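Let's walk through this structure together, with an eye on what holds the pieces to each other. Have the model open as you read.

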Protein chains: 2
Amino acid sequence: MSLTVIGSTAIDSIETRSEKRADVLGGSATYASLSASFFSAVNLISVVGEDFPVKYIKIFRKHNINISGLEVKKGRTFRWKARYSPDFSSARTLKTELNVFTGFRPSIPDKLVPAKDLLLANIDPDLQSFIFDRIRPAGITACDTMNLWIKNSRAALLRLMKNIDIFLLNDAEARQISGEKDLSEAAKFIISRGCKAVVIKKGEHGVLLFSGKTRCALPAFLLESIKDPTGAGDSFAGGMIGFLSSRRKLSERVLRRSLAYGTIMASFAVERFSASALAKVSVEKIKQRYESFRELTYF
Amino acid sequence: MSLTVIGSTAIDSIETRSEKRADVLGGSATYASLSASFFSAVNLISVVGEDFPVKYIKIFRKHNINISGLEVKKGRTFRWKARYSPDFSSARTLKTELNVFTGFRPSIPDKLVPAKDLLLANIDPDLQSFIFDRIRPAGITACDTMNLWIKNSRAALLRLMKNIDIFLLNDAEARQISGEKDLSEAAKFIISRGCKAVVIKKGEHGVLLFSGKTRCALPAFLLESIKDPTGAGDSFAGGMIGFLSSRRKLSERVLRRSLAYGTIMASFAVERFSASALAKVSVEKIKQRYESFRELTYF
């Protein structure tokens, strides 16, 4: 019942069609670990600079996230500045400062090795591989990625795939990494590289799962409005893998339900600005939304 | 248990990334009536020219579609020539010949007035209104449309909406007609014009239904590959309204199931070229695919 999450911890500055927020809590590991914390005991491995506000550390603590693997390094925290298109279909990166992430290789606390389950949230595949080699999880290994790494570190990503049970990426990325136009073909390609399951996240259009003979398609949770799509995919991954990590047996039903929990956590993430959105969630609210999602999707 | 379908009957020439087919069976009323014929007794109201191949008439007959309202006029059948983008996300119209549809106002056989249920498949809203005024259905009135009419005949479409129970359109069209970016807001706008329910078709991304307090979201049926997306929306409308027309009571459950049947008929339509794809379908195949769709979507 413990899940180790590695990825970025960031300070984001975000512009949407209606709002502009500077220096808010972000990062793939932030969204993923907060999201997973509602289901499982989470160990966070990441790095922040000395400027990282202690109020954000308190959010991790409040969610019982083990931050013994969160290094504080001299320098500034990783920063990302972006502007979303009015319909949220694309984000334009205005600035990326790697800062303390430059060449970061974490020293992993002994008691986090080996981990039960491991979620390699979106970050440089070289760092993901480094962590995987050190931690050698006894349970599930899941991995998320993004277009940047597919473009710049494709070989490293393909090597890493052999060790991955559940590979998560979005529809454009699935097409990009496979060179296939049909998502079913893209999934086949990814599975041929050694992954046991592929999860293709389609944002507001839901999610597809391919694993052995299992195919699952779920729509997204229908929201009245979206405030900030940042971290939707990371929250999905955290909710999905957090839920899986809390189960003793990985039946097909459990796998399918994990997609619903991922969907729900993503919906909470985009309803408000920044990763602080997830700090407003409760187990009770997750249960309610799960019921609403059943109601939305039954036929 | 009878549904009157009005719309276009066409001869299409279609280019996709892999194939090119000339003079195949098309038209909104063709797809919709074939699709509906698996669920309900269908009366077709449309027009063809003298060049319309009798082999296509035989397809309607084979599906027990009442074609007493299908006029054969001197001249050529409505023709549409289009090329799809490699990923099927858009169609470029290469040529449209209205031919016998120019100024077409059907003489409706007396026994089709009043109809029980009426599906105004995609066609000029002026013609849709003309038909609605003549037929005055006792049951459901459903209406489908496209971007062209929203652009060129917006006022006529908005007037027509007051008489519509179920309005169907795709996501881009919902945004276009409402001026709203969020689909929930777009649906609110359409309902504010007098429709009881709005169905927003999202192609490969599934469908949304808004009606009173009911919200339903379903993914599309997952296909290995798509051959020709022509008529997907028309087939959806025909399957959905055909199923509704076959039921005595319109419960929420029936409305939700009708979306699943619409989804399934659309999936059959795009698996093969042209409206002839629907001629290969059987009640047995529909039942099987309905079960596969349940399996795809359960969690």
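A polar contact here is a pair of N or O atoms within 3.5 Å; within protein, one has to be able to donate a hydrogen and the other to accept it, and residues adjacent in sequence count only if both atoms are side-chain atoms. By that rule, chain B and chain A share 18 residue pairs in polar contact, both residues at pLDDT 80 or more. This is a predicted model, with local features needing pLDDT of at least 70 and side-chain atom pairs counting only at pLDDT 80 or more, while totals for chains, interfaces and linings use all residues. Residues are numbered from 1 along each chain as its sequence is written, chains are lettered from A and ligands numbered from 1 in the order in which they are written, and side-chain values use heavy atoms, with hydrogens and water left out.

Stay with the interface for a bit. The contact (heavy atoms within 4.5 Å) takes 37 residues from chain B and 37 residues from chain A. Between them the chains bury about 3,300 Å², 55% of it on carbon and sulfur atoms; buried area is the accessible area (1.4 Å probe) that two parts lose on being put together, summed over both. On chain B, Glu224(B), Tyr298(B) and Phe299(B) supply 25% of the area buried against chain A, more than any other three residues.

Now for the charges. A salt bridge means a side-chain nitrogen of Lys or Arg within 4 Å of a carboxyl oxygen of Asp or Glu. The whole structure has 32 of them over all chains, and 6 cross the interface of chain B and chain A. One pair to look up is Arg175(B) with Glu204(A), whose closest N and O atoms are 3.9 Å apart. Arg175(B) lies in helix H6 of chain B and Glu204(A) in the loop between strands S11 (197-201) and S12 (207-211) of chain A, so this pair joins two chains. Helices (H or I, at least four residues) and strands (E, at least two) are DSSP runs, numbered from the N terminus.

Within chain B, Arg256(B) and Glu252(B) meet in a salt bridge at 2.9 Å, N to O. They sit 4 residues apart in helix H9 of chain B, separated by about one helical turn. Arg256(B) is buried at 2% relative accessibility, while Glu252(B) is partly exposed at 35%. Buried means under 20% relative accessible area, exposed over 50%, and partly exposed in between (1.4 Å probe, protein chains only).
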